[in-house]
Amino acid sequence: MKLTTTAMVLVLSASAVFAEEKVTIEFAYPYSHLFDVTYEAMMPAFKEAHPNIEVKFRATYESYEDATNTILREAVAGNLPDVTMQGLNRQAPLIDKGIAQSLEPFIASEADFEKDGYHEAMLSLSTFDNTVYGLPFSISLPVGYYNIDILRAGGIEELPTTWDEVIAACKTMKANGIDNPIFWGWNITGNWFVQALLWSQDSAIVDGGRVTLDSPEALVALEQMQEIFTECEMQNLEWKAALSSFSAGDIGMMFWSTSALGAVERSQGDFELVTGPFPGLDGAPMGLPAGGNAAMLTSTSDDPKVRDAAWTWLKYITSGDGAAEVAKTTGYMPPNKAANEIILADFYEQNPNKQTAVDQLPLLRDWLAYPGDNGLAITQVIYDSIERIVTGDATDMNALQQEMVEEVADLLPNG
Amino acid sequence: MAVLDADLQPLRKEENRQARTAWGLAAPALALMILILLVPVCVAIVLSFSNYALGNPGFDWVGVQNYERLFTRSTYEKMFIATFTYVVTVVPISVGLGLGAAMLVHSLGRIGDIYKTIYFLPVMATLLAMAIAWEFMLHPTIGMVNRTLAMACGTWMEAIAFFGNGCADGFPLWLRDRDYAIWVVCFIGIWQGFGFNMVLYLAGLTSVHRELYHAAEMDGARSAWERFRLVTWPALGPTTVFVVTISCIRAFQVFDTIEAFWPQGGGPNKSAYVMMFAIFEKGVQQNLIGIGSAITVLFLVFVMFLTLIQRWLVERKVHYG
């Protein structure tokens, strides 16, 4: 008797699942302080458009490093999510290891993929060996954030355009009693600001599979950082503390990714905030690294329904209204032509601070991945080296460059 | 002969049967010990000679390269300095404070229970959660510590160099300052750990025979210091060996505070890059299982060494039964 009841309950529940035909896909993304609002804004419309797809959000990744690492571990343990958001500089290792899957079969079956706003130049950020492995979701560039009230109080009227002008501004502000004139985002993920100083000189940190930290351009970058840190007497703040201090109105100039603009504006104190283009070494920068992340398919499911649902989600967040939410809620730019030009047509006019990064788009260069398995460790070595400049531990940039080159060489394949 | 054999046979059988039962009964525990303790240690030792990275299909043997790097690279030099600074600072101070607090509490009687609870509170609290509370307190501008210090500005205390400089250029950044970072961690380690040592010493104190004090007094030990030197301290010998060993092992294991304060990098200039954090960073965050295993093996060697010293001391002379 008991057995039959159990069986009946089982049958009933099974048929209930069948009736709804809900497909569940699992999804994970980094930086909850930036993107929580974005996905919250997207979900209602997505649920309406695709009522039978349920997106299960996994715990957010703390950073892009954490994102890569979590995926690698999940690949070994066999519980990969269906879709994951990965930093643009961390896509290559996942493709090398066969974890991220090619999107070509899905793209081939789409009738008007181009019309949805995906076009070559933007897809190129996630194209490896002529195969598309990801759909870029959000693109950022480094910009300057200025607290105009502090700048005025410090006697600065014009936004600086080169680092020398930034340093001069620091000194003027210090002389006028501003304690905390600058925060320069050296500790941003993936050595992004180092790459920014290198691209500014049109030099790539990885060239033909070789890490070019031994180049004269790298030395220029190190010396430029040292000059900024020491002459501005920059405090060694943790980046989250720096962002909150800037939002609270304690810091005059902050150089950081445009991505944080949404978060900063949401918690902004009572002051006038203006963004300006990223300063260059002499004159405007010649290039800047593209930050941001791309959606990658990592589903291990054989069920075509799950795979299709994953693709639907991937496409939704990177095109149309989904992509437009990225610009509305963060400082990122959606790398989607249709979203940028049609839905967001007058958005940038109303939000001139978010326009700054769009103006810099012609400078867009790749955010490069370090070759081999030790990308994360190499990132840490460079991070540690720059920290030594900030804390004043390293004073001789030639020696520091030498040490950094040696330590990185240890971590390179055949090194 | 044959008669003798016949007599012994059932006895031997009985012995065999008993041995088999004994092994059978011990087998589950043995199997578990081998499976969850010894096998992982062996795996770690084997992996420490490889360059295995998580997610790779295969790996190469690299010999002692990982160990060679441990002893030649400046990063690991910083790791050893941070770890030993922590151990050398935290162990004696937390043991000393533990003993002092235990003797004071022991002399109090009833009210002592209140102190016991107060000193033991930090031990019961999760260090990770406490670290976050400390992080708030140590915030350079809005934290309680610097706010309190700033209250001294404008008073006579400005004459002291530390306050004078602090009032003029701002008080230390604490967690972001390479000169202070490791000492902040040490302070929190002591604050958190000495209550535990106190409890261990309290247990030790109750087992010191009263008669010994009376005897000492009759023999002319009048002052409190004499009584401590001649009776309490020797009688606490076994407890001290245990407390020091446990404190050492716990100090080597410090991780929560570092991870909470500096999830990336292990302190300004790696000044608080302790071994446990290094294992975590290399093995878990960066997937470099090879070098991570090498640090783990070294860590095990240190802990084993400490345990052996403890055994040797216990067996030698510190026992007054």
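Because the model is predicted, local features need pLDDT of at least 70 and side-chain atom pairs count only at pLDDT 80 or more, while totals for chains, interfaces and linings use all residues. Residues are numbered from 1 along each chain as its sequence is written, and chains are lettered from A and ligands numbered from 1 in the order in which they are written.

Helices (H or I, at least four residues) and strands (E, at least two) are DSSP runs, numbered from the N terminus. Along the principal axes, the C-alpha atoms of chain B fill a box of roughly 105 × 75 × 30 Å. Of the 321 residues in chain B, 31% are buried. A residue is buried if 20 or more other C-beta atoms lie within 10 Å of its own, exposed if 12 or fewer, and partly exposed in between, with C-beta atoms placed from the backbone.

Chain B is divided into domain 1 (1–47) and domain 2 (66–320), with bounds that come from an automatic or database domain assignment. The C-alpha centres of these two domains of chain B lie 43 Å apart. Four residues of domain 1 of chain B are in contact with six residues of domain 2 of chain B, where contact means that the C-beta atoms of two residues, placed from the backbone, lie within 7 Å. On the side of domain 1 of chain B that touches domain 2 of chain B, the residues divide into four nonpolar, no polar and no charged. Here Ala, Val, Leu, Ile, Met, Phe, Trp, Tyr, Cys and Pro count as nonpolar, Asp, Glu, Lys and Arg as charged, and the others, Gly among them, as polar.

Tyr52(B) is found in the loop between α1 (2–47) and α2 (65–72) of chain B, and Tyr52(B) is buried because 23 other C-beta atoms lie within 10 Å. Leaving aside neighbours within four places in sequence, Tyr52(B) is in contact with Leu47(B), Phe59(B), Ile289(B) and Gly290(B). Thr89(B), in helix α3 (residues 74–106) of chain B, counts as partly exposed because it has 18 C-beta neighbours inside 10 Å. The C-alpha atoms of Thr89(B) and Gly189(B) are 100 residues apart along the chain and separated by 9.5 Å.

Chain A brings sheets into the picture. Five of its strands form an open sheet in the order β2-β1-β3-β14-β6 (chain A), with mixed pairing; two strands pair if DSSP finds at least two bridges between them. The edge strands, each pairing on one side only, are β2 (53–57) and β6 of chain A. From one strand to the next, the twist averages 25°. Helix α3(A) packs on the sheet, touching β3 (83–87) and β14 of chain A, and its direction makes about 135° with that of β3(A). Axes are lines fitted to C-alpha atoms, for helices over the stretch in contact, and angles run from 0 to 180 degrees between N-to-C directions.

Strand β6 (residues 134–140) of chain A has seven of its seven residues buried, so it is largely enclosed by the rest of the structure. Six bridges join β6(A) to the antiparallel strand β14 (residues 291–297) of chain A. Along this pairing, Ser138(A) stands opposite Asn293(A), and Ser140(A) has Gly291(A) as its bridge partner.

Another open sheet, of four strands, has the order β8-β11-β7-β12 (chain A) and mixed pairing. Its edge strands are β8 (182–184) and β12 (273–277) of chain A. Strand β7 (residues 142–147) of chain A and β12(A) run antiparallel and are joined by five bridges, with Tyr146(A) opposite Val274(A).

The contact between the chains takes 23 residues from chain A and 18 residues from chain B. On the side of chain A, α3 (64–77) and α18 (375–390) each supply at least two residues, and the largest share, seven residues, comes from α18(A). The residues of this side of chain A divide into seven nonpolar, six polar and 10 charged.
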